[in-house]
Amino acid sequence: SGTALEKMLASAQAEVFQDLRSAVPDPNLIDVFRIKYDYHNAKVLIKAAARGVEPGPLLLGGGRYDPEALLDAYRRDDLRDVSEPFRQAMARAQETLASTGDPQLCDLILDRACYEELTLAAQASGSEFIQGYVKLLIDAVNLRSAVRCARLGKEADFLSRALLPGGNVETGALAAARGEELGELFRSGLLAEAAQAGAAVSAPGSGPLTEFEKLCDDAVTAYLAAARRIPFGEQTVVGYLYAREAELTAIRTILNGRLAGLDGSVIRQRLREPYA
């Protein structure tokens, strides 16, 4: 099943993190890749509690916090051992879901906190390379949000609430841009091609997002690949972590495609550029 697959892949990723903990002196380098698993688990815990279902099968390893320990702490309302931003975000998301019943608002709160923690970890590492990587991740998330909101005909106010601070492109300019203007905003960066593709499919009913999504991911790969010739330093560690993650993502894409009965050519279109 898809859930079993996700657990297997997350377990493999967690083993990589565990192996590197003793080899890498700065935990912030690894946390840049681990934090998103914690926020995935936060979403699972909060939504499962609201629906009265068991969250265990959907929790993933690989984060900073053991998923079973996090579940136990959440049920006891004792999150003293997690970071302050994580604890506050969980509380706000839980309150918001309880008061509005809107899981999307819950996700927005947790996504914002996730990328704020990524930014803090990157800054704490002292590495301009890591900080540039996180900024590019934020730009890619914001570009995706802009394209999807345009396709849905959402107003600028809605997009403003979804955009994340901390990227290379100012959120104000992005919120004000029309779909066809996205290419201009990102013209000087690695996301230029993705933005052009996004602008082309930003109108309602303008076609699938498959190629656009792929170009967003390929831009991140290109950023990391540019530093792979550096034999020492944090670039080597981050490149290795990203390569392993890209490898697992490719496995996930292929197996999920097979489970869904997709043709091999369709699956190949969804595969990202390899990190090599």
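User: Where is the place of Asp77?
Analyst: Asp77 sits in the loop between H3 and H4. Helices here are DSSP runs of H or I with at least four residues, and strands are runs of E with at least two, numbered from the N terminus. This is a predicted model, in which local features need pLDDT of at least 70 and side-chain atom pairs count only at pLDDT 80 or more, while totals for chains, interfaces and linings use all residues. Residues are numbered from 1 along each chain as its sequence is written, and side-chain values use heavy atoms, with hydrogens and water left out.

User: Is Asp77 buried or exposed?
Analyst: Asp77 counts as exposed, at 70% relative accessibility. Buried means under 20% relative accessible area, exposed over 50%, and partly exposed in between, with a 1.4 Å probe and protein chains only.

User: And what is its phi near?
Analyst: Phi of Asp77 is near 55°, which is positive although the residue is not glycine. Most residues other than glycine have a negative phi.

User: On to H4. What should its 17 residues span?
Analyst: H4 covers residues 84–100 and should span 24 Å at 1.5 Å a residue; its end C-alpha atoms are 24 Å apart, so the two agree. The expected span is 1.5 Å times one less than the number of residues.

User: Which residues of H4 are buried?
Analyst: Phe86, Ala89, Met90, Ala93, Thr96 and Leu97 are buried. They cover an arc of only 135° around the axis, so they are on the same side of H4. The arc is that of the directions from the helix axis to the C-beta atoms.

User: Why would that spacing put them on one side?
Analyst: An α-helix has 3.6 residues a turn, so residues three or four places apart point the same way.

User: What is on the other side of H4, and what do the buried ones pack against?
Analyst: Glu95, Ala98 and Ser99 are exposed on the other side. The buried residues of H4 pack against helix H2 (27–51), helix H3 (67–75) and helix H5 (103–125). Contact means heavy atoms within 4.5 Å.

User: How do H2 and H5 pack?
Analyst: H2 and H5 pack at an angle of about 165°, with their axes 9 Å apart. Axes are lines fitted to C-alpha atoms, for helices over the stretch in contact, and angles run from 0 to 180 degrees between N-to-C directions. H2 and H5 are therefore roughly antiparallel to each other; angles under 35 degrees count as roughly parallel, over 145 as roughly antiparallel, 65 to 115 as roughly perpendicular and the rest as oblique.

User: Different spot. What is Arg144 in contact with?
Analyst: Leaving aside neighbours within four places in sequence, Arg144 touches Phe212, Glu213, Cys216 and Asp217. Arg144 is found in helix H6, residues 128–152, and is buried, with a relative accessible area of 13%.

User: Last one, the whole chain. How many helices and strands?
Analyst: The chain has 13 helices and 0 strands. Buried residues make up 45% of its 276 residues.
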